[in-house]
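Hi,

Here is the structure I promised to pass on to you. Have a look at it first, and my notes on what turned up follow below.

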Amino acid sequence: MEINFTTLSMVIFLIALTFKLFRNKSLSSIDPSKLPPGRTGWPIIGESLDFLGTGRSGHPEKFINDRMHTFSSQIFRTSLFYESIAVFCGPMGNKFLFSNENKLVTSWWPRSLYKIVPSQPVANSPEAMSMRKLLLRFLKPETLHSFVGAMDCVAKQHLKTCWENKSQVLVYPLAKSYTFALAWKLFVSIDDPIEVAKLSDAFSVVLCGVISIPIDLPGTSLNKSIRAANFIRKHLHEVIKKRKIDLENKKASPTQDILSHMVLTCDDNGQFLSEADIADKILVLILAGHDTASAAITFLIKYLAELPHIYNEVRKEQMEIVKSKAPGELLNSEDIKMMKYSWNVACEVMRLAPPVQGTFREAMTDFTYQGHTIPKGWKLYWSGNTTHRNAKYFPDPERFDPSRFEGNGPAPYTYVPFGGGPRMCPGIEYAKLDILVFMHNIVTKFKWEKIYPDEKIVIDPLPIPAKGLPIRLQPQVY
Ligand code: HEM
């Protein structure tokens, strides 16, 4: 893998400088010999360049592996973006962070996010807990499974418009436009292509600001992102207002999409959610779910192109489902249950190419882990990269082997593409349906080959093929 580095170093420098100007830390009360082993790198920028893959290390995975080898396979210290970081490694590290949420650690997101979604509650507040409960309610399997037919419709329409009658396509942007189309349809029943395109364009601007210098001045990515988020919010407010009226007049269904569920749901205090709350929740869900699912679909297509025997097995399973249905009949939740092999394939894709490299927590207090002191305020990082390709947990780790997920599957805390513990991704079931419905449609209609067999992978900040994964397409006959 390599990194898109054009403006990255400037961005890192400015982030670091911003932190430097506005923050002042003291570790005076901590015995330095008790801190985890590691190094802090350059003044201000620490080891950020190496972490992001621009220095010797090459990429974040190598950054982690090198330091696990040099310092400790359990925990090491580094410094990124002027933050002191402890990287917790292996299943024990994952377990520790995941099971100490709101006891010793709390989640930590880039500060830009709070500017883009100001109503996003502070991580360990009661409001955050209540918001998480609500998100889990809106994304619960029973609700989502009732949307499988609608998802199938979106996937079919997308393939018809963007893939059929083409001899070549560029996968990554198409995967993004499919996941956007799906999200607007399932969340708010918007399916007019012009409206979808307008909202999706604005959303791409929002996404650019999430990992950006946290300075809100005209012209900065964050400023553009905040303005784009306001545009989407305004649009959503109108949709929500209209939906409330339509629900009252029985012109809309209480179960037609996630918006109807949100409008009719009360929070812990028995209050209906405000329009502003609903709009922000939809923003957060699309922000968290869009690029991740697009990256998973892109890598799925990449691996299926490289591994014809896996493609054949997936197609066999999906064709059984096609044969069991009447012509034109859409997929339903029973069909999803039949896609066991296909889901194992998707899991193996996310083992080798986890869409999220890892996330941060923050130490709520000084505590001790593996004999080392972790000072309050330090940022703590976990990453699937410490276990996913480790031969101890995944024998012959470079081999693509979906059977790893049969039976009990991988050992606890070794396979973590969706994180874990109370903050585990609430979108996991949505992502599963999104990926499987797409997989069903694509393998039953096409086979394909990569145009660049050795296309590199870049981290941007999610892993993606450097050229967007162009492929040659051939239609499949039923
Ligand atoms: C393949 C697709 C996806 C992957 C790999 C993924 C992965 C993750 C990971 C690793 C986290 C952080 C967990 C932690 O820190 O322990 C996360 C958080 C989150 N994800 Fe996903 N995700 C995916 C799709 C989705 C979708 C489709 C949605 C929404 C529909 C979603 C909504 C969220 C939200 C709201 C959070 C924040 C949860 C919190 O802070 O409590 N994700 N996801």
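This is a predicted model: local features need pLDDT of at least 70, side-chain atom pairs count only at pLDDT 80 or more; totals for chains, interfaces and linings use all residues.

Helix 8 and helix 17 pass each other in a right-handed crossing. Helix 8 covers residues 148-162 and helix 17 covers residues 428-445; their axes come within 9 Å and cross at roughly 45 degrees. Because of that angle, helix 8 counts as oblique to helix 17.

On the helix 8 side, the contact is made by Val148, Met151, Asp152, Ala155, Lys156, His158 and Leu159. Helix 17 contributes Tyr430, Leu433, Asp434, Val437, Phe438, Asn441, Ile442 and Lys445. Sorted by class, this contact has nine nonpolar, four charged and two polar residues.

Three strands make up an open sheet with antiparallel pairing, in the order 5-13-10. Its edges are strand 5 (168-170) and strand 10 (446-450), each of which pairs on one side only. On average, neighbouring strands of this sheet are turned by 35 degrees against each other, direction ignored.

Strand 13 spans residues 470-475 and pairs with strand 5 in the antiparallel sense over three bridges. If you want a residue to start from, take Gln168: its bridge partner in strand 13 is Arg472.

Finally, which helix lies across strand 5 and strand 13? That is helix 9, residues 171-188, running at about 65 degrees to strand 5.

Definitions and conventions:
Residues are numbered from 1 along each chain as its sequence is written. Side-chain values use heavy atoms; hydrogens and water are left out. Two strands pair if DSSP finds at least two bridges between them. Helices (H or I, at least four residues) and strands (E, at least two) are DSSP runs, numbered from the N terminus. Axes are lines fitted to C-alpha atoms, for helices over the stretch in contact, and angles run from 0 to 180 degrees between N-to-C directions. Contact means heavy atoms within 4.5 Å. Angles under 35 degrees count as roughly parallel, over 145 as roughly antiparallel, 65 to 115 as roughly perpendicular and the rest as oblique. A crossing is left-handed if the near helix is turned anticlockwise from the far one by less than a right angle, and right-handed if clockwise. Ala, Val, Leu, Ile, Met, Phe, Trp, Tyr, Cys and Pro count as nonpolar, Asp, Glu, Lys and Arg as charged, and the others, Gly among them, as polar.
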